[in-house]
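Here are a few notes to read alongside the model. Keep the viewer open as you go through them.

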Amino acid sequence: MTRSSPPTRQVVVTGLGTVNALGSSVGAFAAALRAGTSGIAPLTLFDTAGFRARIAAQVRDDAPPEELAASLRRRLSRSDVFALRATAEALTESGITDVVAPERIGLVLGGTTGGMLRAEECLRARLEGRSTRYLPDPILGSPISVSADVVADVFDIRGPRLSLSTACSSSGNALGTALDWLRLGRIDAVVTGGTESLCRMTFAGFNALHALSLEPCRPFDRRRSGLSLGEGAAILVVESAAQAARRGARAHAELVGWGNSADAHHLTAPHPEGTGAILAMRRALANAALRPDDVDYINAHGTGTPLNDAVEAAAIGAVFGDAASRLAVSSTKGAVGHTLGAAGAIEALATILALRDGFIPPTVNLAEPEPEWALDLVPGRSRDATLRYALSNSYGFGGNNTSVVLGHA
Amino acid sequence: MTMSSEDLKSRLKELLITGLRLQDVAPAGIADDQPIFVDGLGLDSIDALELVVLIEEHFGIAIPDEEVGKKAFASINALADFIAAEQSRDA
Amino acid sequence: MHEHARVLVTGIGMVSPLGPLALFWDRLRAGEDGFVPIDWFDTGPTPPATAARARDWQPKEHIKPTALRRMDRFSQMAVSACRMALADAALAPSAAEADAMGVVVGCAYGNLLETETFLAGLIAKGPTLANPMIFPNLVLNAAAGYVAIELGLRGPNSTVCRNEVSGEAALALAYDTIVCGHADVVLAGGGDEISPVLFHVNKDLGVLSPGRRRRGGGASGREWSSPFDRERNGMVMGEGVAMLLLERAEHAQTRGATAYAELVGHAMRSVPAPPHLWPPPSTVPAIADELRQLRAADEIDVIVSCANSTRGLDAFEAAHLAALLGERAPGALVTSVKGAIGEFGGAGAFSAAVAALALRDRAVPPLTALEHPDPACTLRLATTDLPPPAGVRAALVSGTARGGACTALLLAQP
């Protein structure tokens, strides 16, 4: 197996921003995580008649930033709006654009649906014969790359720009790519994260796969029966620790390492032995030059589907061995929903808040774990804890597995 | 209107082939008593879900849960029997 | 800066409008193109009605039937291209090598065809009858997922979406993946598939040759793809997937592999651009310094540009390349594949393949359709009458996307 290069420069997170079902700011998100609140509620964004599940973690405060020109606001997709709002919060806090030139700031985002919500309406109008044309803007605005274009345009970011789409691990991979760029010295700062919006297509697709839970999802619970979709964005500003220190920026956490793998098994079902998940965690630890013993907390992928949670629990056991019973594992998807392409970023943000503020977010809706898992799954209530290092797992369709390692700054 | 048992089985085999996009398989290549979900046809859980949809769409019969589904999908014979039973129940 | 591994291109595989690799290269050098009349969907009552369609490709030759039935067509192209790339590289990975081998696919739209099919089914039949088989194929990384499944590859796996430079961006990411030590071998490239939706959208926007409709009538003028031509009037859509095998030099040397070229590095910058449009020629991305660190500009003998026969992009490329290399590489020959295989999101992977082939064979494919070189392009255009170059030391792949992202790749003799 390939040995990864040891970290040559420490990389830290100096800006945070988010919009999701639990809040429109990092502060609100942190408070809700601590309180064990759930943002899963009846879905009102579109008509859910005929669907088995009728709930989701929908963002209610979904207005575009006010200061944008009307001509731009008109063309924004829902994913674009979330990305802009979260980026505004992250950049304002970090102040990086005052210090680093636009060409030296990179941008790498993850996502899966992009502008599909608007594109659906346009395709529907055409298919139902209400329109003889496909409107260009919703269609050309549908790829996930457009959110990065919009963010770069509004905030004048001119460095390397990339959008990654690997289903539910998209923004985990984005964070890892940002780390690689900084280690390679390509730029001086990266705006990274992910954005996602609910749309009929994904809701119908997961519904058709019988993957949606009819009640709010219960990750790791014996009676778990599927996932609850969510939406939102999380954006991080990352830079070298040395640069952050020089300019007196606050480091919320360290971005220590990452690993990715493919299951090479099935497009939707995880490898039954968790081969890909195990590889991703091991690669992440190696990339971070850490041992399993160094990790205190894992923010699991933990969707609440029967298969994922069982495979993930077993994989954690396989990677951590005896150390598994000493670390805390929780899933925040009962709180913020499964935000697909934004999940890696939103959950990395939850992990950063846990490291920074010294608490472990609970696995909301978990009442009774499977008895054979010897894991501390943090049911119901958050708890105070001093955490050194933590892992954030994201596993997506295509058998794509990503683990990101974060550390106390 | 119910069709003869042979016609029904024939129709089910065609549905399997076109609906599940089976390649290089002719209706004659699917035995009536052959397990549907086994290595030979290479079907998996997503195919099972799709088959449920196809049965509902073409015969108007809902398969309420996995238990019923497993029995009904055991073979072409089992599926034909299940559909015939549901149809005579509704009649 | 950092010291890092050398990355070689040791295999190429493709599904293209000019056929698989050997046919593609022969036909491209002979000045052929892959444009055909569109007869597989309704293009409407007026022109255009032409595209470059994948040909000389039998999916069954590369993919077993049980796998084939599940895959969407774009994924079939990707898996086929990857198998061919591995064969071209004479690499039959061991279990350990497969566990570590990475995949990066770049595409702009992926499976738009089945997205529409799924939505049509949803609209017509309602949620209970939505098709669970199609849905998993709608994620952009379905192709990369199928490649991993079919070839047993468990290394770092990613899918890149960067509009019209998705191919170049995928290769840049794969390069970084190797240099950062995540993998020694990565299959990287990309493409896209023609979709009727995108065709009609592009047509209505007026970016397809023969351009905008005249008031009260249909579009008129020639339907052709001629990058850098003074008379060019729009792009022609194409499709295909090209995958390159990128390999750490030590790994290639250990197994005695031959290399087309070395992928020396890349530079990614962005310039402001109106949404969904190419940037104006007045703005030039600041990639000169980065490129200079990779290789002296005067060693660049070939430039494979993304120029696609639109008035906008070709004007930008002409200005951009002149600013970048005009005085420092006056002898460089400029070509583009879009005159032969059309424009699509991942087409840059083909540009990279051509750069690698140009280095191996010291040959530059001509700009097939060029009749009147655009005077705004001050660089030497590769025309059919030029003799083959004395040597090809380095080749630049220049990519620019709608929305303003630019990605340049630099390849050189291995």
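1. Leaving aside its neighbours within four places in sequence, which residues is C:Ala356 in contact with? Bear in mind that this is a predicted model. The list runs C:Val9, C:Ile12, C:Leu244, C:Tyr260, C:Ala261 and C:Leu411.

2. C:Ala356 also turns up in the largest nonpolar core, which has 301 residues. Together with C:Leu244, C:Ala355 and C:Ala395, C:Ala356 touches the most other members. Both domain 1 (7-254) and domain 2 (265-412) of chain C put at least three residues into this core. There is a second, separate core of 20 residues, with B:Leu43, B:Val53, B:Leu54 and B:Phe73 among them.

3. Now for chain A against chain C. Here 62 residues of chain A are in contact with 64 residues of chain C. On the chain A side, α8 (200-208) gives the most, with 6 residues. Other elements giving two or more include α4 (116-127), α7 and α10 (275-287) of chain A. By type, that side of chain A splits into 25 nonpolar, 23 polar and 14 charged residues.

4. Just after the helix, A:Gly185 takes a positive phi of about 75°.

5. Last, chain B with chain C: the contact takes 11 residues from chain B and 10 residues from chain C. The chain B side comes out as 4 nonpolar, 2 polar and 5 charged.

Technical notes
Residues numbered from 1 in each chain as written. Chains lettered and ligands numbered in written order. Predicted model: local features only at pLDDT ≥ 70, side-chain atom pairs only at ≥ 80, totals over all residues. Core = buried A, V, L, I, M, F, W, Y, C linked by C-beta atoms within 7 Å. Buried ≥ 20, exposed ≤ 12 C-beta atoms within 10 Å, placed from the backbone. Domains from an automatic or database assignment. Contact = placed C-beta atoms within 7 Å. Nonpolar A, V, L, I, M, F, W, Y, C, P; charged D, E, K, R; others polar. Helix = DSSP H or I, 4+ residues; strand = E, 2+ residues; numbered from the N terminus.
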